[in-house]
Amino acid sequence: MTAAPKQETYDVVVIGAGPAGLAAAAVTAKAGLSTLLLDENAGPGGQVWRSVMSTPVIAPDKLGADYWSGKALVEELAASGAEILHRATVWSLDKALDVGFSVGGGSAFVNARRVIIATGALERPLPIPGWTLPGVMTAGAAQTMLKSSGLVPSGQTVLAGQGPLLWLLAAQILRLGGCIDRILETTDRRNWLTALPHALSFLASPYALKGLSLIREVRGKVRVVSGVTELAAAGDGMLQSVRYVAAGKRETVSADLLLLHQGVVPNVNLAMSAGVDHRWDERQLCWSPVCDADGGTSVAGLAIAGDGAGIGGAAAAIASGRIAARGVVAALAPSRLASLPSKDQLAAALDRATLGRAFLDVLYRPSKSFRVPSGDTIVCRCEEVTAQDILQSVAIGATGPNQLKAYRRAGMGPCQGRLCGLTVTELMAETRGKTPQEIGYYRLRAPVKPIALSELAALPKTEEAVSAVVRG
Amino acid sequence: MMFKRLQRDDRRRVRITVAGIDVEAREGDTVAAALVASGLDVRRKTAVSGAPRLPYCMMGVCFDCLVTIDGIGNRQGCLVPVAEGMQIEIQQGKREIGR
Amino acid sequence: MTIARDAIIVGGGIHGCSTALHLCLRRLKPVLIVKDYAGRHASGVNAGGVRQLARHVAEIPLSIRSMGIWEGIRDLLDDDCGFDSHGQVLVAESDAELDACRVRVADLNERGFTHEELIDGPELRRLAPAVAETCPGGIVSRRDGAASPAQTTTAFRRKAEALGATVREGFPATNLRREQGLWRVDVGSDTYEAPVLVNAAGAWGGRLAAMLGESVPVETVAPMLMITSRVPHFIDPVVILRGRKLSFKQFANGTVLIGGGYLATPDQDRNETILDWGGLAQSARTVHDVFPIMRGATIMRAWAGIEARTRDDLPVFGPSAVHDGLFHQFGFSLHGFQLGPGAGAVMAELIVDGGTQTHIRDISIRRFQSSTP
């Protein structure tokens, strides 16, 4: 291996070097606890601060102040004494707090007294007809290419969906001279009314000013179609056009790039496979871990911080990372607590950071039709299982996502349900007249990312198993 | 072309080979980004039905960017930074093993 | 509310579901009680090996009976169960192992069993070209094959239900008792009663038997499996090794299943297992040695089933030694899947006819009677 952990056991292992992970690891390391931070990307920053230390987009006004604020956290981490391993993909975590990860073509296990999962969020799937066509990507994908490589859309580009990220991306693309033909906004107009009770706290939050100014910046330059109720991507072997319905009218626009977005949801795979209890969050329409005030979960010694514990954005992630880290310091090095901000201070920071969140959650609640597809629309991209396939299986007795595996391979591909799990749960819930909580989710297991057989074979030998041959 | 590069990009140029064709990338690009930016047809074929795919999420969760890098297959191209002389092959259907 | 049925079956693995189906074929109306859902545990997550090969002699008659049913399973269940038959091969990795294979085949032949054939190096490589060149031969059982465990178990359940079985999923069987010559069990807010009770409760079967006064030496184990991504087709038969733990199967879709019996740590009360990566690494090393072509493969998922293993590695099958109307069908010790169809048929014969032609005496619960703890 070209890079390897310095120790076999650590006081703290933090997984994910986004805002929450950077903040948490810095706190525990500064408190004198041996801390290992593992992240699968080439550099720190997670999604929101992706490539913050290496982006070619150096002109400060292009990516915005929120992006560049990540540098301070990266520098804080660097000064803290934490050990950080990049390009380290964690593929196993269990109740014994053994962490299995792959780095430099080889795998290793380390043990931790405490683990903080900070693996953040991923895009909510937007399963429209044709969404698997080459040329259909997520808004996050375009942002990643922009931040990491300075690549901007240059052809016939359509943005579709809803949420703050869509506006931010549009603004960044335009600032960098990229092309956007139009933005198709799928926000349900009725949500404005239901969001009204939360409007005051939203207006008092930093989101309001930033958000409104972004929207103004973009609307001045790009055609925005609101109230889109249907979306489809079409083309022969690759995206060629986008079809949509808005205000009852059907339209078609030529496109070679369609960027989809309807919010982000917790990336639950590592936590669920480690045995962390989750519950369905009806407001955020996703599975969230059941956490205590310190991010502690149903698995002793395992805490979750950041968007992985519930979507809150970068500032909230920093606060929750520090809260989880404080919990760890309280358990392992209580004498160092005095040097940390108090619980109340951190809670107040979290409150400030989540002000306005409720308004966004309600306003940008995705419509059922964009969460639950029908007919030939692909639900499971990896195994090419359609909505109709799943309905047929329900009709002959599949009661949930795991029972579905007796009939279909939905969820059994490499993405392990990351792009289909929510859809399958909601589709089955709707069809069977049950709640998502009752339907449940895929039972997830390690490896949460695929591992080469040769890498597994090269793991250091342990004691041999019982000599009696056991045949299966 | 779906994407274009910034007018000013100070990063070192890196040369990789894609299905035998030389492609110029930049240090810090991921393989997936370099492929999408190359202008070549880099669509892979799924192992299930041979349907064409390109990267979807660029953050390591969709697995549509699976690519063979220096002879090792099923690599997530969006998680691997380009390196000088890297050989990329596009995966068509069930990945070949034993090579 | 008390509901009368002809039989109560506790446990919805392949054994419980198969017994339910076969009782229905004999015009009985059983109730099948499944604490989670059919195939949730060992029956739904095993390697799917449909194997007569390498069985303990005591199980062979039941295995042969079951093989006959497997061959007609599509018509029996209106579902192909993912069953295919390309044979199973036991590979000898050394001359000493091949000698042991020779002895084994001779012993079986003497007992009148001909399903296992000794094969030499060339025949081994004809059947399984991907096996390492250094292996001198082995044993083949040509009728054997593999099926999809979840699909098969579910198919048994569905057909049983279609033929009149009451299936109660999501409820444990509680408060089991014998009153007025009938077995009674509570399922949620209902009570079922029947003259016959079948203990097909898998890893929970030992507890149930003990509760009814018939302890057997059995423990809960959690054998692990791994599945790879799709690779181009390179092997037809299922392969197992004589000297090391490996069971190896490539499905029609190209994925390769690697099993063999390394154990995870079970927590059966929580339906959970903790994988042992040292054991899985050992499985990977074995594959690496025996199938060089697999060296570039990718492991997509690993898991473990929860199963009962008896002290002598043989199932507990047949009438209770203590109670009338009680039958045991558990403890299949990691090799019960192939036996499921036949075991259900035989169990139905025991219940309806009072006896069976299939030789099952050697796997009766009576063998533990003198040594109950």
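This is a predicted model: local features need pLDDT of at least 70, side-chain atom pairs count only at pLDDT 80 or more; totals for chains, interfaces and linings use all residues.
Two strands pair if DSSP finds at least two bridges between them.

**Entry 1: strands across A and B**

I began where chain A meets chain B. Here β9(A) and strand β1 of chain B, residues 3–5, are joined by three bridges and run antiparallel. With at least two bridges asked for, the three found here make β9(A) and β1(B) a pair. I then looked up one position: Pro153(A) has Phe3(B) in β1(B) as its bridge partner.

**Entry 2: the rest of the A and B interface**

Next I wanted the extent of this interface. Chain A puts 51 residues into the contact and chain B puts in 38 residues. Together the two chains bury about 3600 Å², and 61% of that lies on carbon and sulfur atoms.

How many salt bridges cross the interface of chain A and chain B? I found one salt bridge there. Its partners are Arg381(A) and Asp64(B), whose closest N and O atoms are 2.6 Å apart.

I then asked which elements of chain A face chain B. Those giving two or more residues are β7 (121–123), β8 (136–138), α5 (139–149), β9 (151–153) and β16 (257–262) of chain A. Of these, α5(A) gives the most, with six residues. By residue type, the side of chain A that touches chain B has 26 nonpolar, 16 polar and nine charged residues.

**Entry 3: over to A and C**

I turned to the other partner of chain A in my notes. The contact between chain A and chain C draws 39 residues from chain A and 48 residues from chain C. About 3800 Å² is buried between chain A and chain C, 53% of it on carbon and sulfur atoms.

I counted two salt bridges between chain A and chain C. One of them is formed by Arg230(C) and Glu383(A), at 2.5 Å from N to O. For polar contacts, the rule gives 14 residue pairs across this interface, both residues at pLDDT 80 or more.

On the chain A side, β4, β23 (451–452) and α17 (453–457) each supply at least two residues to the face that touches chain C. The largest share comes from α17(A), with four residues. That side of chain A divides into 21 nonpolar, nine polar and nine charged residues.

There is strand pairing here as well: β23(A) and strand β20 of chain C, residues 298–304, run antiparallel and are joined by two bridges. In β20(C), I found Thr298(C) as the bridge partner of Ala452(A).

**Entry 4: rings**

I also checked the aromatic pairs, and the count over all chains is 13. I picked out Trp91(A) and Phe109(A): their ring centres are 5.5 Å apart and their planes stand at 85°, so I logged the pair as edge-to-face. Trp91(A) sits in strand β4 (residues 88–93) and Phe109(A) in strand β6 (residues 106–117) of chain A, so the pair links distant parts of the chain, 18 residues apart.

**Entry 5: one arginine in chain C**

Last, I looked up Arg177(C), which is found in strand β10 (residues 174–179) of chain C. What does the side chain of Arg177(C) make a polar contact with? The partner is the side chain of Asp186(C), at 3.2 Å. Leaving out residues up to four places away in sequence, Arg177(C) touches Leu182(C), Trp183(C), Arg184(C), Val185(C), Asp186(C) and Thr191(C).

Technical notes. Residues are numbered from 1 along each chain as its sequence is written. Chains are lettered from A and ligands numbered from 1 in the order in which they are written. Side-chain values use heavy atoms; hydrogens and water are left out. Contact means heavy atoms within 4.5 Å. Buried area is the accessible area (1.4 Å probe) that two parts lose on being put together, summed over both. A salt bridge is a side-chain nitrogen of Lys or Arg within 4 Å of a carboxyl oxygen of Asp or Glu. Ala, Val, Leu, Ile, Met, Phe, Trp, Tyr, Cys and Pro count as nonpolar, Asp, Glu, Lys and Arg as charged, and the others, Gly among them, as polar. Rings of Phe, Tyr and Trp (its six-membered ring) pair if their centres lie within 6.5 Å; planes under 30 degrees apart count as stacked, over 60 as edge-to-face and the rest as tilted. A polar contact is a pair of N or O atoms within 3.5 Å; within protein, one must be able to donate a hydrogen and the other to accept it, and residues adjacent in sequence count only if both atoms are side-chain atoms.
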